[in-house]
Amino acid sequence: MKHIVTTFLLVFVILAAIAATKAEAQFIKDPEIISEYLDTLILTPEERRHLQQMYEMVGLRVGKIVGGEDADIADYPWTVALVTAGGSQYCGGTVIDEEWILTAAHCIGSSAFIRAGVTNKNDTSGQDRQAVQIINHPEYVSVTQGRDISLLRLGEPLDLSDPNVAIAPISTEMHNLLGFEDEGVPSIITGWGRLFSGGPAPDILQWAEVPIVSNEQAQVGYPNVVITDDMIAAGLWGEGGVDACQGDSGGPLVVPDDSSPVGYVVAGITSWGTGCAGPTHMGMYARVSYFEDWIFENSGLSFPGPGEDDGIPPATITDLSVTGLPTENSITLSWTAPGGSGDEGRAGSYDLRVSDAPIDETNFDDATPVEGVGRPLQAGTAEVFTVEALEPLTEYYFALKASDFFGNESGLSNVVNTATDGSPRIEFSATSFDLTLSAGSTAERTLTLTNTGEGLLTYALPSFMNEERFTAANIRSLNTTAFPAGTAENRAADNLRQRFHLWESGARGPLSTYDQQLLDDRIEAAHQGIILTDEPSVTIPFENLTATGGEFFDVTGDGFTNELTAVRADFVINQAGGQTWASDLALLITNGDEISPSTVVLQVGGFSDFGPSGTRIPWGTGNTGAPNTPVQTTIAIPTPLLVDDLTVWIGHGWGNGSSSTWSGEIEMIGISEAAAFISSISPASGSLAVGESVDLTITFDTADLEEGEYEATTQLRSNDLTNPVTMLSFTLLVGPEDGLIVSPRSLDFGEAEQGQSVELPATVINSAEEAIEITGFSLDSDAFAADVPLLTLAPGETADFTVSFNPVEIGDYSATLSIESTAENSPALISLSGVGLEADGPFSMVTFRLDMSVMKAEGTFIPEAGDEVFVRGNFGAWGLNPDFMLQQNGDTIYEAELFLDGEPGRVFEYKYFIQAGDGRSIPNGGWELNTVGEDGNINRVVTLSSPFIMLPIVYYNNQVTVDTETDFEMPAQFTLSQNYPNPFNPTTTIRWEMPEAAEVSLEVFNLQGQRVAQLAGGMHTAGTHTVSFDASRLASGMYVYRLRAGDFVQTRSMMLLK
């Protein structure tokens, strides 16, 4: 009886919604109503969980399809239904190959079934298939954040002889560029409206025609959501009545193309919208052309651009050549891209073959195919590709063919051959140097490098190449590949530039006034300045510097100091690959040794943004690729940048650019090279044939240095793959010309509790030519103690001792250790400092963890607007304390570590609080609701139970986010967490998460760049991993740990306090 009543209430709610809206559909997100509806279906537990989450996110459609008409599947045979294991339809999809279905990522759970070739979705006579492979876009998080696309590989191919099943080719980048997706283009959407017990029951396929709406126009209707370049909008702007309600999530939006076998290409995947058929809320779809390369990379499917098969194959490639020097396992090739028809357009694919025997037309198919060549670029563009995984000291032959999208194949290219190099091996006579010099003196030491391998060895010491001009040869070992920030602004800019180059080539009309203004704003300089002649500067000279798009070179050396106030450019482009401009050469400054959007703090020049929005300043000149186009300008930095401890790079600043060459110099004004006691290492770069050696002269100079101990490290990079980077370390002790030297000159003991004793080492050295007797020592504070030996030191002899800090009071301590001797400079002094702390009673370090994904998606929490989130509780009198602000640890996770005093069992109450950075009103004044507590408590609670408490991750207001990944327990992205506890002594735990299996390397380094521990290595499965780090053998101080997992790299720091 209860079930009958509940079902009646469900029907009543649905019918009431229909009656209230008449012909207009609505979305229901009430979890209870959704759950009641799912009770009417035959579902597995996994399907039940997935559909509950999906409908709570995108809504359960109620009502008659608005503006749609009954359709026959024979007219739209690319449309398929996604069904549950029990046959209930819930989403749609598109046939793009007999084995592949295109749909929305938010539709996909851990399994997927499709039904093709039916007009009535309940007709079981169609072709039912199960997906054996599900590929969701790895960056998909939620529908409003884009990337809502998924590929399904079927376990059994579809029967395309069935007239009700056909492939719809995808809309390609060329379709987009040539206007097939422009505003006003009529599109067709198809699908089955959601059916409900007691409501209208259109089991028949529906179709409707809606015009494309520009993203700029659609943005007006969604002020709280960013419409990104990977989305496309459709609907009747200002009128309403027809939009995405006609289709199902994941279903197709197609646009006309007469050259398509079915007359259409699929341009969109039904994704999201607000309400249904409203006048300003357009239906939003995933833009398929944006994902053309992603589809190719994951399915191997390529699709033709607009046009019919003219029977003309791509032109035969005649300029295949070897570029650069072969390495022991790689050879780089270059050629000019042919067109899809002769030298026009864009070819569809390459077939590159390699063999250890000559290649001709008769044996081309027997040669080994080379994987990963990628899709051809526009005709006339320079292509560069490196063939890897080759054997050393082996001669290889290469040949290439190109095909268009219709299978027309070019002739065989010219055949090139060359041999891989042998494996070089670098050996050092020493990697560390210790010496003692008197103030104002110089000295030289020799470092011998030997190539004991079987191939040419190249080496470079970037810190000492400032007197040399960087060239393609001597800068090779300093390179890295960076990728532009994945922002909508960046993607739109690249699309805009592609359209500009198509206009230049005559392939399409000129840019609109609006687009031209966008391009001008991106390339015009806003901060031109003048050189102040009294400021210091550092010049980076280069000659024939060659880089591909996104390739950068580290020119930091030992580092720089002071504030950067301006950047002066004086260079030309020698040779432009593809459509590269002279102004694409860029200077990057990062706060780490990797280039990523999170590390870039300044970019001058280049077209793509490699850092956050607002960090790039264009040159404002040189926006052409004609040979010898100059870039001669000075850019003032709006806010002077302190460059100490930052990394400087130069390279190709257009991510889509081809290999190009520049010559000239870039001058960084206002900064100077970091002070160092090594004035030169020469020669700073070079190459060694097999068996050859070279002596490097290292010059030490103590001019302008005070007495004391100095340490330095520098990198030596080589093409020895077993040892590509070697850290050379140097220790210099500077003393009087004749006297007793103490090292270090000062000791800082940090913090110590009352009654605690902290020890640090020290050394005395005799730098005189006669023996020195240590006669005594004294301290002017009882908080410090020392065991200085009273003995006689021969010339050059040293003696070690320890100094301890034993605070008895709370406060700052300072003292001087005075060592008496027979030396002329007696007494030798060491400055001592430390802080005494009160011995604490019981306490717990509590880690508060909060997931803000839902608040971000809803627009309640906007970090870009300066929003911050705090934990407020009775442990802080419920006040807004800056120390209680949560810090971001991942895309949506925020954490704070607080020390809470109290015996085990003490209970604290708290809530989370959002503070708007722009002063806008936040619901409930920023506080969480009074429903977040448990057992009748309006607040959250934490009970002290141990010294370290890590609270589980919760959602603000307990609003649970929607997880649409294949495995709902798996992490959504690679993440390296902060170690716990931190600071620590002597052990701590490091945790990382992996959404997929990958080769892992987890290492710990000191601040000199030396690796002190390898914590994990080898292949690891997807999931959460932890490892314990025991630092008992290491000294107190800051350490850095770095995780490499596949292409993912992240670094964090931790503090060891003993």
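Select E139 to begin: with a relative accessibility of 48%, E139 counts as partly exposed. In this tour, buried means under 20% relative accessible area, exposed means over 50%, and partly exposed is what lies in between, with a 1.4 Å probe and protein chains only. Before moving on, please note that this is a predicted model, in which local features need pLDDT of at least 70 and side-chain atom pairs count only at pLDDT 80 or more, while totals for chains, interfaces and linings use all residues. Residues are numbered from 1 along each chain as its sequence is written, and side-chain values use heavy atoms, with hydrogens and water left out.

**Stop 1: a salt-bridge network**

R147 itself is buried, at 8% relative accessible area.

Through shared partners, salt bridges join E139, R147 and D230 into one network.

**Stop 2: another salt bridge**

The structure holds 20 salt bridges. For another one, select D128 and R115, whose closest N and O atoms are 3.0 Å apart. D128 belongs to strand 8 and R115 to strand 7, and the pair links distant parts of the chain, 13 residues apart. Is R115 buried or exposed? At 5% relative accessibility R115 counts as buried, and D128, at 36%, is partly exposed.

**Stop 3**

C91 is in strand 5 and C107 in the loop between strand 6 and strand 7 (113-116), so the bond ties together parts that are 16 residues apart in sequence. The torsion about the S-S bond is about -80°, so the disulfide is left-handed. C91 is buried, at 0% relative accessible area, and C107 is likewise buried at 0%.

**Stop 4: helix 6**

Select residues 292-299, which make up helix 6. Its buried residues are E292, W294, I295 and S299. They cover an arc of only 165° around the axis, which puts them on the same side of helix 6; the arc is that of the directions from the helix axis to the C-beta atoms. What covers these buried residues includes strand 5 (89-97), strand 8 (127-136) and helix 4 (173-177). Just after helix 6, click on G300, which takes a positive phi of about 80°.

**Last stop: the whole protein**

Zoom out and colour by secondary structure: the protein has 9 helices and 68 strands. These are DSSP runs numbered from the N terminus, helices being H or I with at least four residues and strands E with at least two. Of its 1058 residues, 50% count as buried. Among contacts (heavy atoms within 4.5 Å) with a separation of 6 or more, 72% come from residues 24 or more positions apart.

Conventions: A disulfide is a pair of cysteine sulfur atoms within 2.5 Å. A salt bridge is a side-chain nitrogen of Lys or Arg within 4 Å of a carboxyl oxygen of Asp or Glu.
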